[in-house]
Structure formats: C-alpha cells, structure tokens
Amino acid sequence: MRREEVEVHADPVDARLGTRLAELRAERGWSLGELAERSGVSRSTLSRAERVEISPTASLLNRLCHVYGRTMSQLLSEVESEPALLVPAAEQPVWEDRASGFVRRSVSPPHPGLRGELVEGRLAAGADIAYDRPPVPGLEQHIWVQEGVLEVTAQEVGHRLDAGDCLRLRVWGPTRFRCPGPGEVRYVLAVVLP
C-alpha cells in the first residue's frame, strides 16, 4: 500500500468524498490518466479513492485540491450538509488522516460569501506532514498553537511555534507541519482565500 493510501471501512464522509472526487473529475471531462498527469498521483490510487476503497491522506487531498482550485476545507465542506451560520461544537466536521496521525476539525467551515475559515489541527508526537504545493496559490494562513510544539517550514524557512505563538504567512510553495513531541500539538489554523 502506498503512503498516500489508507484502507477504508465504509466511513460515510469518505463515501461522500469519493463520490465528490469522481464528480469533480467528470465535470472537467478528464480521464483518470489526465488527472494522474495533472496531480502527480497514480491512476490506481485515484481510482481507489473514487471507489472508496481507500481513505485519501491529507497530502493526496492537497494535490487534488490544487488541481481543482479549492482549499481542503472547501472540498470537505462540499461533502457535508449545507453550512449553517452557527456551528455547534458537536456538529463541527472532523476528518482524520490515519496514516500521519493528523486530526482536522472544521470549526468554521467555508460559507458562501465568506473568504475565511477556521480549523483546529492536532498532530500526534512525531507526526510529519509535507504538502508539495498550496491548494490555492497565495493562500493566507494564520497558525496559532494552543498546546504543544509545532514546527512549520514554508518558503524553505523553518519556524518553531510554542504554545501561544502565531505564525502568519501566504503560502506559495511547499510547506511542512511537524510535531517534534514529546506530546501532541493542538493548533488553530485561520485560512483566508486570496
């Protein structure tokens, strides 16, 4: 099994996500081969994700979001019900990348007419996630660490964030999020579309 794949067991969000990924490809009239060329993801992995045989990792979704011109939150919100103005804690969508130990809670999901969103991220000790490109070039991010330590690399510059620290940046190229430990890190990510 490839690093970008995790076997899936009929999770409803994964099922809707697979359907939406197939719809996005069909809307553009692309074959699996064309999408593989554009995204750098193998045809078999794309096919398995669309057929819900695997749960895509954060890295895989990031590549597809880049190709489709969406943020990850936008894509994930498309498989959730219509977003409300008030999002009670119990109704905030949670998505987990089991392969990397990344848990993502969409605290304030994308909403029509709004350019910003708020995400809570959790990385297990030792977790390391690398994104080869932003889903949308020039995406504005504010990363505020609540607990633990987070190492962020952007534009080839490393930053260490301790509890209470905030990193503000526009994302143009590769980024990396790493939790050096000893415990997990919990952070808030504010995302603003350019």
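Visitor: Which residue's side chain is joined to that of R104 by a polar contact of 2.2 Å?
Guide: This is a predicted model. In it, R104 is found in strand β2. The side chain of R104 has a polar contact of 2.2 Å, and the partner is S73.

Visitor: Is R104 buried or exposed?
Guide: Leaving aside neighbours within four places in sequence, R104 is in contact with several residues, including M72, L76, W95 and V119. Buried means under 20% relative accessible area. The value for R104 is 8%, so R104 counts as buried.

Visitor: Where is S100 found?
Guide: Strand β1 covers 94-97 and strand β2 covers 102-108.

Visitor: What is the relative accessible area of S100?
Guide: Leaving aside neighbours within four places in sequence, S100 is in contact with A127 and I129. The side chain of S100 also has a polar contact of 3.1 Å with that of D97. The cut-off for buried is under 20%. S100 is buried, because its relative accessible area is 14%.

Visitor: Which strands stand at the edges of the open sheet?
Guide: The sheet has 4 strands in the order β4-β9-β6-β7, with antiparallel pairing. An edge strand here has a single partner strand, so one side of it is left without a neighbour in the sheet; this holds for β4 (128-131) and β7 (157-161).

Visitor: In β9, which residue is the bridge partner of E151?
Guide: Strands of a sheet pair through backbone hydrogen bonds. Strand β6 (residues 150-154) and strand β9 (residues 175-178) run antiparallel and are joined by 4 bridges. In β9, the bridge partner of E151 is R178.

Visitor: Why is the pair of Y131 and F177 edge-to-face?
Guide: Y131 lies in strand β4 and F177 in strand β9, 46 residues apart. Both residues are buried. Their ring centres are 6.2 Å apart, and planes over 60 degrees apart count as edge-to-face. The pair is edge-to-face because its planes are at 80 degrees.

Visitor: Which residues do ring pairs link into a cluster?
Guide: The structure holds 3 aromatic pairs. Ring pairs link F177 and Y131 into a cluster that also includes Y187, giving Y131, F177 and Y187.

Visitor: How far from the centre of the ring of W30 is the charged end of R28?
Guide: A charge sits over a ring only if it is within 6 Å of the ring centre, along with a limit on angle. The charged end of R28 sits over the ring of W30, and its distance from the centre is 5.8 Å.

Methods. Residues numbered from 1 in each chain as written. Predicted model: local features only at pLDDT ≥ 70, side-chain atom pairs only at ≥ 80, totals over all residues. Heavy atoms only, no water. Helix = DSSP H or I, 4+ residues; strand = E, 2+ residues; numbered from the N terminus. Buried < 20%, exposed > 50% of the residue type's maximum accessible area, 1.4 Å probe, protein only. Polar contact = N/O pair within 3.5 Å; in protein donor to acceptor, adjacent residues only side chain to side chain. Contact = heavy atoms within 4.5 Å. Pairing = 2+ DSSP bridges. Phe/Tyr/Trp six-rings, centres within 6.5 Å; stacked < 30°, edge-to-face > 60°. Lys NZ or Arg CZ within 6 Å of the ring centre and 35° of its normal.
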